[in-house]
Amino acid sequence: MKRTRIATAVLVTRGTGHDVEVLAVRRAPQLRFFGGYWAFPGGVVDAADHDGDPDDDDAHRRCALRELVEEVGLVHESLAGARALRAGLLERDDAEAAARFRALVDAAPSALDTVAPFARLTTPPFAPVLYRTRFAHVAAPQGFAPHVIEGELVDGGFFAPGELLESWRRGDRLVAPPVLFMLQHLAELGLEAFLREMPATSDALEAGRLH
């Protein structure tokens, strides 16, 4: 039986309404799971992110903050010391860096308030790896520009939802299916309505409704 991994994906946005842009990152082509695809930043919930329940909302908030530091260099203003931990966090087996990051978050709990979980999706049974993923929203700080260190990721940037969708339709970019689903709704609804409606929409998918 396949083990289900608990993961967090982060919808980082700038702008509002239908003028919203989303942060997307390109996964390295050699990765087993969606290699070469554009996706949202994120990853598996680490042992240092939770206190016993890896699917707890605060665990996902901590995971989101950590993954944003690791993958795109987005550091919450109250976690300035996390910049020095980025290299260690990128080393997936560096438990000390993860523990030090957790200590920073525990000392500045207001950082958790900037991460808003809004949906949950599970990969279908035929997928090579099963992920139960909590999606969370973070508004990008003013002036933030993503900085991707090549490794697990190879590129990243902000895009209008329609721009990413059109590049996928043309065959210019591979886009992970859950991200396509989110982009379609974002393009149609705008950011605020999307965040209001997506919890019920994702719950219906989890209950078996087909997309």
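## Glu67 and its helix

In which helix is Glu67 found? In this predicted model, Glu67 belongs to helix α1, which covers residues 57-72.

Is Glu67 buried or exposed? The relative accessible area of Glu67 is 0%, and the cut-off for a buried residue is under 20%, so Glu67 counts as buried. Leaving aside residues up to four places away in sequence, Glu67 touches Gly42, Gly43, Val44, Val72 and Arg92.

Strand β1 spans residues 4-14. Eight of its 11 residues are buried, so the rest of the structure largely encloses this strand.

In a regular strand, side chains point by turns to one face of the sheet and then to the other.

## Partners of β1

Strand β6 (residues 130-139) pairs with β1 in the parallel sense, over 10 bridges. Within this pairing, Leu11 has His137 of β6 as its bridge partner.

Strand β2 (residues 21-27) runs antiparallel to β1, and two bridges join them. The bridge partner of Thr13 in β2 is Val22.

How many residues lie between the strands in the hairpin of β1 and β2? There are six, and in this hairpin Gly15 takes a positive phi near 90°.

How values were computed:
Residues are numbered from 1 along each chain as its sequence is written. This is a predicted model: local features need pLDDT of at least 70, side-chain atom pairs count only at pLDDT 80 or more; totals for chains, interfaces and linings use all residues. Side-chain values use heavy atoms; hydrogens and water are left out. Helices (H or I, at least four residues) and strands (E, at least two) are DSSP runs, numbered from the N terminus. Buried means under 20% relative accessible area, exposed over 50%, partly exposed in between (1.4 Å probe, protein chains only). Contact means heavy atoms within 4.5 Å. Two strands pair if DSSP finds at least two bridges between them.
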